[in-house]
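Here is a short briefing on how one chain folds. Keep the structure in view as you read.

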Amino acid sequence: MIRQASLQRTTQETDIRVYLLLEGQGVANIQTGLGFLDHMLTQIARHGRFDLTIQAQGDLQVDGHHTVEDIGIALGQAFHHALGERRGIVRFASAYAPLDEALSRVVVDLSNRPHLSWRVQFPTPRLGQMETELFREWFVAFANHGGITLHVENFYGLNSHHIIESCFKALALALKEACKRELERDDVPSTKGTLS
């Protein structure tokens, strides 16, 4: 079974198209209008080994908030749809990722119960066109609409670019493991018998 999702989210503020293939090769085609966000979303595809296309147009003349949040919503929904009933998946995973002096850890539970714990601070208020506070908004939207319990923690780092990129790389690695199917089982990995 191929696990994939294709969706469009259109509001008066944004128009976003997403295609996600969980059993991919790490191919990314990302165009959000925010160069640094493109770079981060490409990390998810490349290091998670997901094929990912995101085409977004947003009201960037206002600021990046609506675009960043709505991309998080749409990508979360894509993971939610692609995972389906979540039968046979590993479900839990954690990963560390360094980038030079920065080290971060992400822990995920594909529980269908959204939650974000965020322990990340940035030494600068902006990265490129983006306010650094928008990264938390992306992770909140992604967790809420993906049905993911998500813990993101940066242990140390001096450079804002390195800090957030280590978070995205750790997210990719954790998602890669948690989304895997265990070939010897086809049940839902929960004592409840359902992840809903």
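Asp15 stands opposite Gln57 in strand S4. Strands are DSSP runs of E, at least two residues, and helices are runs of H or I, at least four; both are numbered from the N terminus. This is a predicted model: local features need pLDDT of at least 70, side-chain atom pairs count only at pLDDT 80 or more, and totals for chains, interfaces and linings use all residues. Residues are numbered from 1 along each chain as its sequence is written, and side-chain values use heavy atoms, leaving out hydrogens and water.

**The sheet**
- Four strands form an open sheet in the order S1-S2-S4-S3, with mixed pairing (two strands pair if DSSP finds at least two bridges between them).
- S1 (4-10) and S3 (28-31) are at the edges with a single partner strand each, so one side of each has no neighbour in the sheet.

**Strand pairs**
- S2 (residues 14-21) pairs with S1 in the antiparallel sense over seven bridges.
- Ala5 has Leu20 in S2 as its bridge partner.
- S2 and S4 are also antiparallel, over eight bridges.
- S3 and S4 pair in the parallel sense over four bridges, and Ala28 stands opposite Leu52 in S4.

**Helices on the sheet**
- Helix H1 (residues 35-48) packs on the sheet and touches S3 and S4 (51-58), where contact means heavy atoms within 4.5 Å.
- The direction of H1 makes about 160 degrees with that of S3.
- Helix H2 (residues 65-83) packs on the sheet too, touching S1, S2 and S4.

How values were computed:
Axes fitted to C-alpha atoms, helices over the stretch in contact; angles between N-to-C directions.
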